[in-house]
Amino acid sequence: MKLLLLNGPNLNLLGSREPEIYGAQTLDAIVADLVKLAVAHQIELIHLQSNHEGELIDRIHQSRSEGIRGLIINPGGLTHSSVSLRDAIAAVGIPTVEVHLSNVHARESFRHISYVSGVALGQISGFGAQGYELALEALRHHLDQQ
Ligand code: DQA
């Protein structure tokens with residue numbers, strides 16, 4: 001089974017970016033751990049981080065023809081601004097779990113709104129890097145039941 005992991009703007013800076021909020025782990029380290037978990041469940045995890053909204057949208061469109069069964073996405077700041085990203089997820093209809101390292105609901109009010117949540121199975125927020133593992137488990141469980 002193939003799953004797609006997308007990380008949006010500024011997440012390439014994890015490790016050095018506001019570590020008191022986002023933790024000290026780099027994105028490479030987080031993804032490496034997640035790939036190990038995926039492999040243990042016979043899952044092929046494809047990862048893309050991009051600072052460009054259009055590149056993320058193109059990747060989502062492409063996933064339909066590649067047999068990707070599920071999407072884990074941390075859209076970064078695009079969470080709170082991108083109707084187009086939401087529309088792309090809705091258009092392909094791939095089961096999606098939204099992840100945030102920080103608890104967006106305990107932060108500034110502009111982070112309380114997510115354009116993605118309405119087209120996702122659910123949102124995991126505030127558990128740091130572990131949130132990606134929780135998302136993988138939730139998605140796996142969802143897809144197993146289909
Ligand atoms: C984030 C939360 C967003 O509000 C922020 O813009 C990010 C990271 C998180 O993982 O906590 O870039 O998605």
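**Exercise 1.** Determine which kind of contact joins the side chains of E66 and R59, and state how exposed each residue is.

*Solution.* The side chains of E66 and R59 come together in a salt bridge, with 3.1 Å from N to O; the term stands for a side-chain nitrogen of Lys or Arg within 4 Å of a carboxyl oxygen of Asp or Glu. The model is a predicted one, in which local features need pLDDT of at least 70, side-chain atom pairs count only at pLDDT 80 or more, and totals for chains, interfaces and linings use all residues. Residues are numbered from 1 along each chain as its sequence is written, and side-chain values use heavy atoms, with hydrogens and water left out. For the exposure, buried means under 20% relative accessible area, exposed over 50%, and partly exposed in between (1.4 Å probe, protein chains only). R59, at 12%, is therefore buried, whereas E66, at 25%, is partly exposed.

**Exercise 2.** Find the partner of R111 in a salt bridge, and the network to which R111 belongs.

*Solution.* The partner is E108, and the closest N and O atoms of the pair are 2.7 Å apart. R111 is buried at 17% relative accessible area, while E108 is partly exposed at 35%. A network of salt bridges links R107, E108 and R111.

**Exercise 3.** Locate R140 and E137 in the structure, and describe their contact.

*Solution.* Both residues lie in helix α5 (residues 130-144), three residues apart, about one turn of the helix; helices (H or I, at least four residues) are DSSP runs, numbered from the N terminus. The side chains of R140 and E137 form a salt bridge of 3.0 Å, N to O, and E137 is partly exposed at 31%.

Note on methods:
Helices (H or I, at least four residues) and strands (E, at least two) are DSSP runs, numbered from the N terminus.
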